[in-house]
Amino acid sequence: HMDLNQQNCTNDAWGAARSAAQVWLSLVVGLIMLPAMFGVSLGITETYMKVLIKTLKWATFRIQKGRRERETLKPSPSNGIIQRDDGSMEKEIGELRRSRPKRPDGGDFTLSDVFYFSRKGLESIVEDEVTQRFSSEELVSWNLLTRTNNNFHYVSLRLTVLWGLGVVIRYCILAPLRITLAAIGISWLVIGTTVVGLLPSSRVKNWLSELVHLMCYRICARGLSATVHYHNKQNRPRKGGICVANHTSPIDVVILANDGCYAMVGQVHGGLMGVIQRSMVKSCPHIWFERSEMKDRHLVTQRLRDHVNDKTKLPILIFPEGTCINNTSVMMFKKGSFEIGGTIYPVAIKYDPQFGDAFWNSAKYNMVSYLLRMMTSWAIVCNVWYLPAMTQMEGEDAVQFANRVKSAIARQGGLVDLSWDGGLKRDKVKNTFKELEQKKYSSMVVGDDSSD
Amino acid sequence: MGSRGSTLSKIPNVDKLMQETGFSQAHIIRLHDRFRALDNDEKGYLCPQDFEAIKELAMNPIGDRIIGAFFAQGPQQETVDFNSFVKVLAHFRPTDKNRPKESTSPDPINSRTNKLKFAFQLYDQDKDGKISRDELLQVLRAMLEMQVTEEQLESITDRTIQESDTDRDNAISFEEFRKSLDKVNIEHKMSIRFLR
């Protein structure tokens, strides 16, 4: 009978756990999931955000007060720590050579020429435009997340308590909630799209497929506590077009798909991603490439072109940077997307770093740890601007067109417009860049009648 | 959250470093942040690959030599710690115009002479105190590579040595180097101004 007692106890424990889970689940479904599915807001998130903003403002005020009392360092925004003279090579080296008489052929070499290159080199060691874009943006004031606590030190007991409370709330309350929502969202997506896929092709099928996609992405967005402000909805991408946006993280897809239906483009993955991809494509045409197919640019362009030319198909979503950048700048847009033809609908996405850092540093974190970090941030707040449609103009080649679109996106999102290739995150700088510098310098050394 | 100055406490010998290099505390903290950002694997020191990863440095024609300046303490030096990092960068601090001209205290790292010595060492790779014809040729080749012919390189080298080599030993000593750059505004051109 000892065993029977023990069994009863465990049964009771299981029963209690089961009913707790049931209550939990029904709360989640009722208060969050159902409203999300129908695009209705109960105001819970708004209240949460208001409380959060007030708290962070108070925390910032306390830190600044503490800083003034101790006369410690001012916080340093990521806007440059050294003064860069943007003089051209000709101007700088010319000034170095000022004390020498000019030679008849205009070319010269002096021992002081090396000063220009050594100073440029050391400036880039202290600070460069590119490397900083591949790590998270520095915050001006702390937002009570441990992970952004770089230069901020102990201020007061109250702040520490608040931070501790924040940890408890984020890890014990918010994170499980978000994980539940994300799990529900993803499983709904797989099940829903598979079911819709069983229907014969018809307008009903398309409508249902869009509904399923939207609902599930909305649930996933709630799973990240994402608050998105969409601007200029009249410019939303239409069927048969191509939507291009700047890339900061895999979450960009959820953010955009929350407000519209897109045909995704990407590589075929294995595992959970593969399951999702395969089921999604059953209900509406997405474009998934095998790894081997991606190498054949002609094939890729052709498939995309075929999709775009079919005016009944959803607009394609492409991220021309090719890699995740830290949302302070926009890097070179690969011209492939701009050679397809069709109308381009540019979209600018800017995250507010105060509530959570959305940048995926793939060198530091893998996908799972990245998603967990997202789910233990305060919230994801971002602005999405739909820009007016653009088409390639007469006499403009793909690269110029790409740059034009990139500038428009950078301007709207308040991001720095860089021409560097995002691929530099992983690859070395091509020798051609160095050769360009050498060429510029050589015209100063051998003068105007150089032979080559 | 820890005791006062979580970053400051990670930097050893801050006061000594400030004294030797003349950087302010704020600047040293900024440089430490940069040091840590360049140190991808969080080793606590930098190796040549960390420098080679800086894109703008990779397109500098004498990028390799500049990297070499950080590893110049010994022939087999493979790592540079934060103190050495800052000391090399200190060469490019703007000169303090208010320094009194005593000859008793040693020259600060960013004096005109020390800036010249830094530039001299970019040329003088074998550190024998002279820039030989061959060393000058190598620098020119690095800066110009494919853009000029070998004959042009040689003639530029010969011309440069002729202009500066006053004692006719076919090499440029440090004094000859200094003299030929007498009129150049080194304090301005070999300085990096920190914004804060």
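**Figure 1. Residues 241–352 of chain A in the predicted model.** The end C-alpha atoms of residues 241–352 of chain A lie 28 Å apart, and the span is 33% helix and 22% strand, where helices (H or I, at least four residues) and strands (E, at least two) are DSSP runs numbered from the N terminus. UniProt, in an unreviewed entry, lists these residues under "domain: Phospholipid/glycerol acyltransferase"; its positions are given in the numbering used here, feature names are shortened, and annotations may be inferred rather than shown by experiment. This is a predicted model, in which local features need pLDDT of at least 70 and side-chain atom pairs count only at pLDDT 80 or more, while totals for chains, interfaces and linings use all residues. Residues are numbered from 1 along each chain as its sequence is written, chains are lettered from A and ligands numbered from 1 in the order in which they are written, and side-chain values use heavy atoms, with hydrogens and water left out.

**Figure 2. The largest nonpolar core.** A nonpolar core is a set of buried Ala, Val, Leu, Ile, Met, Phe, Trp, Tyr and Cys residues joined through side-chain atoms within 4.5 Å, buried meaning under 20% relative accessible area (1.4 Å probe, protein chains only). Of the 70 residues in the largest core, Phe115(A), Phe51(B), Phe85(B) and Phe177(B) touch the most other members. Helix α4 (residues 113–126) of chain A gives the most to this core, with 7 residues.

**Figure 3. Surroundings of Phe51(B).** Not counting residues up to four places away in sequence, Phe51(B) is in contact (heavy atoms within 4.5 Å) with Ile125(A) and with several residues of chain B, among them Leu46(B), Ile67(B), Phe71(B) and Phe85(B). A second, separate core of 41 residues includes Ala245(A), Ala257(A), Val347(A) and Ile349(A).

**Figure 4. The interface between chain A and chain B.** In this interface, 63 residues of chain A are in contact with 67 residues of chain B. The area buried between the two chains (the accessible area, 1.4 Å probe, that two parts lose on being put together, summed over both) is about 6100 Å², of which carbon and sulfur atoms give 63%. Leu111(A), Phe115(A) and Ile125(A) supply 13% of the area that chain A buries against chain B, more than any other three residues.

**Figure 5. Two annotated spans of chain B.** Residues 111–146 and 152–187 of chain B are listed by UniProt, in an unreviewed entry, under "domain: EF-hand". The span 111–146 is 67% helix and 8% strand, with its end C-alpha atoms 36 Å apart, whereas residues 152–187 are 61% helix and 8% strand, with end C-alpha atoms 31 Å apart.

Definitions and conventions. Buried means under 20% relative accessible area, exposed over 50%, partly exposed in between (1.4 Å probe, protein chains only).
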